[in-house]
Amino acid sequence: MPVTLSGSCHCGAVKFTVDSSTPVPYQLCCCSICRKVGGYVGAVNLGAHSDTLKIQGKEHISVYKAIMNRGEKDEHEANSERNFCSKCSAMLWLYDSEWPELLHPFASAIDSPELEAPGEMVCLMTASKPSYFRLPEGKKVVVEEYPELSLADWHKKHGKYVK
């Protein structure tokens, strides 16, 4: 049975639960969006089943849709929606209409259960990280864009997928 993740924003205005089959926080995204909205180290996303999301304080949620390729001919609004607390600005989860069955809670918003530390981090989108940005210590796989394995495939490969 999937793991129920309980999360909240910093000020407590928003609380949520969502069920996850992929609860190990092993991916660190270094893209400019994750770094600018998630802070210096970017964002660590989990996977969850969108139809299980339950929210308290929904009226305090705002959505940010990033502009991709800003200033270029092909500038466009991203499909993904970053949901955050409008009171304290804590990032809560990402939803993308291309995969409506999925939701990606930010590991930083999860209160319980305590998330398992991965044996190695996968640092992705490193082609867009600035030179001052230091990747975390310890065992890691570094990729310039996206890794070969999806969240689900990585969890299955490492025996961490929860049905």
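This is a short talk on side-chain contacts in one predicted model.

Ground rules. The model is predicted, so local features need pLDDT of at least 70 and side-chain atom pairs count only at pLDDT 80 or more, while totals for chains, interfaces and linings use all residues. Residues are numbered from 1 along each chain as its sequence is written, and side-chain values use heavy atoms, with hydrogens and water left out.

Aromatics to begin. Rings of Phe, Tyr and Trp (its six-membered ring) pair if their centres lie within 6.5 Å; planes under 30 degrees apart are stacked, over 60 edge-to-face, and the rest tilted. That rule gives two aromatic pairs. Take Phe 16 and Trp 93. Why is this pair edge-to-face? Their ring centres are 5.0 Å apart and their planes stand at 70°, so the pair gets that label. Phe 16 is in strand β2 (residues 15-20) and Trp 93 in strand β11 (residues 91-96), so the contact ties together parts 77 residues apart in sequence. A word on those names: helices (H or I, at least four residues) and strands (E, at least two) are DSSP runs, numbered from the N terminus. Both Phe 16 and Trp 93 are buried. Buried means under 20% relative accessible area, exposed over 50%, and partly exposed in between (1.4 Å probe, protein chains only).

Next, Tyr 26 and Trp 154. They are stacked, at 3.8 Å centre to centre and 5° between the planes. Tyr 26 sits in the loop between β2 and β3 (27-29), and Trp 154 in helix α2 (residues 151-157). That is 128 residues apart. Tyr 26 is buried at 1% relative accessibility. Trp 154 is buried too, at 6%.

The charged end of Lys 156 sits over the ring of Tyr 161, 4.8 Å from its centre. The cut-off here: NZ of Lys or CZ of Arg within 6 Å of the ring centre and within 35 degrees of the ring normal.

For Cys 29, the nearest cysteine sulfur is that of Cys 31, 3.6 Å away. Cys 29 is buried, at 9% relative accessible area. For Cys 30, the nearest is that of Cys 123, at 5.5 Å. Cys 30 is buried at 0%.

Last topic, salt bridges. There are three. The rule is a side-chain nitrogen of Lys or Arg within 4 Å of a carboxyl oxygen of Asp or Glu.

Lys 65 meets Glu 77 at 3.8 Å, N to O. Lys 65 lies in the loop between β7 (61-64) and β8 (67-68) and Glu 77 in strand β9 (residues 76-77), so parts twelve residues apart in sequence are tied together. Lys 65 is partly exposed, at 27%. Glu 77 is partly exposed, at 48%.

Lys 160 pairs with Glu 116, with the closest N and O atoms 2.6 Å apart.

Glu 120 and Lys 139 meet at 3.9 Å, N to O. Lys 139 is exposed, at 60%.

Definitions and conventions
A disulfide is a pair of cysteine sulfur atoms within 2.5 Å.
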